[in-house]
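This briefing covers confidence, salt bridges and a few selected residues. Please read it alongside the sequence and the 3D view.

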Amino acid sequence: MTASEFEPWNDPEAKPLIHFQNVTKRYGEFTAIDDLTIGIYEKEFYALLGPSGCGKTTLMRMLAGFETPSEGTIRLAGQDIAPVPPNKRAVNMMFQSYALFPHLSVWENIAFGLKREKMPKHDINDRVDEMLRLTRLEKFARRKPHQISGGQRQRVALARSLAKHPKLLLLDEPLGALDKKLRQETQFELMDIQEKTGTTFVIVTHDQEEAMTVASRVAVMDHGKIIQVATPDRIYENPNSVYVADFIGDVNLIAGTAKPNGSDTYALSWHEGHAPLTVQSPNPLSDGQNCQLAIRPEKVSISTEKPEQADNAVQGRILDIAYLGNLSTYHVELPTGTMIKAQTANTRRIARRAYTWEDTVWLSWTATAGVLLAN
Amino acid sequence: MNRMSWFNAVSLTLGFAFLYIPMVILIIFSFNESKLVTVWAGFSTKWYGELMQNEAFLNAAWVTIKVAVFSSTIATVLGTIAAYVMVRGGRFMGRTLFSGMIYAPLVMPEVITGLSLLLLFIGIGLDRGVLTIVLAHTTFSMCYVSVVVSSRLVTFDRSLEEAALDLGCSPAEAFRLVTLPIIAPAVISGWLLAFTLSLDDLVIASFTSGPSATTLPIKIFSAVRLGVSPEINALSTIMISIVTVGVITASLVTKHQMTRQKREEQAAERT
Amino acid sequence: MRSFVLIAIPYAWLLALFLVPFAIVLKISLSDYAISIPPYVPQFDPETGIGALIDALDFENFIWLTEDDLYWKAYLSSLKIAVISTFFTLLAGYPIAYAMARAPAEWRPTLMMLVILPFWTSFLIRVYAWMGILSNEGFLNQFLLWTGLISEPLTILNTNTAVYIGIVYTYLPFMILPVYSALERLDGSLIEAAEDLGCSRLSAFWLVTIPLSKTGIIAGSFLVFIPVLGEFVIPSLLGGSDTLMIGKVLWEEFFSNRDWPVASAVAVVLLLLLVIPIVLFQRNQQKQQEAEQ
């Protein structure tokens with residue numbers, strides 16, 4: 001790891017810009033946020049990822065000031081923000097619906113927050129022009145929100161929330177209303193703008209691909225709790241729980257009992273009459289502990305012959321083939337009844353498939369391909 | 001599917017004939033020469049002339065307009081506040097009572113509303129006149145305004161207000177700069193409804209007016225009780241024309257705006 | 001705190017001008033018809049000064065209402081007129097609403113405007129329009145005599161028939177609008193599905209259209225029934241001396257007989273009569289709102 005890499009969370013000296021300390025939010029009987037502690041650092045692009053109802057939106061609305069925590073404190077740059085009303089916070093939000101004022105033009109929408117600051121007129125002009133340039137909206141300044149396309153509206157909302165130089169920008173499902181292609185383009189645009197402005201971004205999303213693409217760190221949430229906070233690659237390769245492994249991407253789960261077998265290495269007994277699987281996994285487990293092997297489909301190879309030097313190999317029968325163009329996914333049933341998915345890249349045009357339905361094949365993977373997760 | 005079945009065509013024709021023929025007859029016979037309303041005796045506008053000479057009617061019309069302007073304006077302010085608090089306000093003491101009082105006048109028979117207000121005015125020794133009619137009309141029409149405005153507020157995207165707060169508005173500024181301009185059409189139609197209700201009201205005005213103030217409906221009612229008269233036909237024609245022109249203009253303007261907005265939205269998606 | 005100040009104004013207004021007056025009505029309905037009291041309000045006939053300040057509450061006026069058969073006959077007759085005219089309004093309004101909902105989409109706003117237009121014109125004028133039509137020498141009789149259907153003019157004005165016609169006419173938009181909005185939402189493919197599954201046109205209408213427009217029918221019926229029950233203008237202009245409606249009785253009790261305690265008692269009973277339909281109406285509206293969500 002080089003020193004130039006942006007990883008303030010690994011630096012014990014760094015102070016988080018936002019600090020949630022044992023924050024709980026209850027609505028009557030319902031606990032939306034459950035004793036949550038996290039730190040978000042300056043210039044970070046932080047993604048809150050989780051299914052709907054997991055509390056990610058509540059978390060964001062507490063940052064914006066529309067909700068107050070029932071317990072605990074939220075600090076922004078060291079200062080407790082609970083008593084600060086939303087209109088006095090150096091935090092701006094980009095709304096899921098964009099919330100563009102329909103009676104105002106694009107220009108007036110972007111200038112709206114600046115006018116509230118009583119900024120001198122020519123400064124407002126300069127700042128709005130700058131934002132219009134940044135978001136490539138110069139041509140649309142005088143249009144009303146209903147006179148521009150969905151993608152343009154999204155950029156107006158971004159420009160409006162960035163215009164006031166917020167310390168922190170909150171983005172609530174910012175790309176949810178766009179179609180898939182536009183969404184992918186806009187993700188890169190968003191990262192670009194975040195880098196250019198150096199603003200701290202917190203994004204709420206239920207789209208894992210989006211979170212993985214844009215974020216420096218991803219926080220996976222469930223039922224008001226943070227399950228794991230890590231960089232996208234660590235979240236994917238080293239999930240800390242079955243929940244995270246299952247939520248992010250596709251995964252095969254094989255249940256069994258672990259038996260330590262050298263440093264970080266375990267033998268997983270998964271079914272009687274079958275050789276135990278060899279797994280190298282960073283999560284410590286005790287002898288005989290019940291756990292699951294989580295392994296991504298693309299890390300499982302498929303072959304007709306038993307591979308010679310594989311750490312693990314099992315035989316099964318192809319039940320289903322999903323052809324996705326760039327990839328093919330094989331659903332293979334092991335004699336034990338377990339279903340394993342194996343994915344191969346279609347790097348050549350297929351004139352004839354090597355394997356087809358009902359074929360008996362071998363699945364194999366290395367010891368480091370998967371991780372063991374305690375139940 | 002585009003052509004209507006004969007059954008539907010017949011129902012529409014008969015239905016609208018039933019709704020409009022009485023008014024058309026009324027209008028035609030306002031131009032009748034004869035005093036007898038039911039016998040045509042040639043075209044004349046003399047009843048309009050006589051109406052313009054009739055001091056009592058003109059005074060009553062003036063009182064009615066004054067009452068309607070004042071009561072609908074106060075009712076719009078109060079009704080909008082009430083709607084805003086009902087839709088947004090969350091909980092407050094006696095919320096159930098308040099919502100009950102907002103909706104009850106809508107279904108309360110006018111005779112009861114009129115009677116109860118009269119007894120109140122007598123009880124507190126308030127002389128009956130323009131003021132008491134304004135108070136009475138404001139009370140029932142603010143409920144209509146609040147229903148109209150709150151039905152708009154229910155569909156109002158709340159994140160617009162939150163966005164305004166987020167961008168530095170105080171709650172009052174957010175209401176003035178964002179909420180009010182957007183719900184303005186509903187507030188205006190609330191005002192128009194309150195204005196029309198006040199113009200039309202006979203029963204409540206009869207209870208709450210005094211000898212010093214007679215409204216047009218009271219005047220018309222006492223004249224009509226004696227039978228049909230061409231002067232009333234002329235007056236009715238004027239009132240129907242004003243309403244018709246108003247409603248048609250309003251609907252044309254809305255239609256025009258809606259088609260323009262639709263066109264612009266389609267154009268925007270193509271770019 | 002701010003919202004408390006804000007709400008205080010309309011709240012106080014409604015308390016003072018809606019709730020308090022009603023409390024006064026209740027109080028007066030429980031007090032005596034006072035002759036001996038000095039006039040409470042000078043410009044009123046001294047003999048009928050109100051007994052508002054008399055604390056002797058009793059149910060004398062209500063007992064009086066039950067003893068004099070004028071009142072309960074008026075209540076019954078109002079109920080009867082309201083039920084029958086609601087039925088006829090539905091009968092006239094449903095086909096119109098149905099045809100509107102089936103009309104080409106580009107016509108609908110215009111048709112809608114044509115239904116709303118009468119609603120904005122003066123109620124009084126619309127009732128008055130029928131006086132010229134229904135009288136003995138009126139247009140209806142002229143027309144019927146001309147067609148030869150009748151040889152002598154019919155007496156319609158100042159009878160209950162005229163009252164029914166007037167009510168159906170003036171309240172028709174209240175019936176059409178909710179039924180139309182229920183029918184317009186109805187998905188046309190449901191009818192096609194019913195026909196596809198073997199329904200005839202008529203049975204599809206009976207088994208699919210009617211049940212799905214039920215909330216509109218109920219809402220429209222209450223919107224007609226509730227105000228008709230307390231109606232005053234129509235019976236007094238189109239009805240005869242034998243047309244008994246409670247709104248008219250209350251008016252006469254108050255303005256002609258000047259018996260305020262009895263008028264108040266009449267009002268209280270009328271309101272009690274209205275409580276049931278109002279509650280049912282509210283429930284229907286709530287159900288509809290929940291269904292829409």
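The points below are grouped by topic.

This is a predicted model, in which local features need pLDDT of at least 70, side-chain atom pairs count only at pLDDT 80 or more, and totals for chains, interfaces and linings use all residues. Residues are numbered from 1 along each chain as its sequence is written, chains are lettered from A and ligands numbered from 1 in the order in which they are written, and side-chain values use heavy atoms, with hydrogens and water left out.

**Confidence**
- The predictor assigns the complex an ipTM of 0.88 and a pTM of 0.85.
- Within chain C, helix α7 (residues 160-185) has the highest confidence, at 94, and helix α2 (residues 60-67) the lowest, at a mean of 73; helices here are DSSP runs (H or I, at least four residues), as are strands (E, at least two), numbered from the N terminus.
- Residues 35-56 of chain C have pLDDT below 50, yet beyond near neighbours in sequence this stretch has 33 contacts (heavy atoms within 4.5 Å) in the model.

**Salt bridges**
- Over all chains there are 19 salt bridges, each a side-chain nitrogen of Lys or Arg within 4 Å of a carboxyl oxygen of Asp or Glu.
- A:R217 pairs with A:E44, with the closest N and O atoms 2.7 Å apart.
- This pair links distant parts of the chain, 173 residues apart: A:R217 is in strand β9 (residues 217-222) of chain A, and A:E44 is in the loop between β2 (30-40) and β3 (45-49).
- Both A:R217 and A:E44 are buried, where buried means under 20% relative accessible area, exposed over 50%, and partly exposed in between (1.4 Å probe, protein chains only).
- A:R127 and A:E130 form a salt bridge at 3.2 Å, N to O, and both lie in helix α3 (residues 121-134) of chain A, 3 residues apart.
- A:R127 is buried at 8% relative accessible area, whereas A:E130 is partly exposed at 39%.
- A:D207 and A:R183 form a salt bridge at 3.8 Å, N to O.
- Salt bridges that share partners join A:K25, A:R61, A:E67 and B:E162 into one network.

**Position of C:V262**
- C:V262 sits in helix α13 (residues 260-292) of chain C and is buried, with a relative accessible area of 2%.
- Leaving out residues up to four places away in sequence, C:V262 touches C:N61, C:W64, C:L65, C:Y71 and C:E253.

Terms used: pLDDT = per-residue confidence, 0-100.
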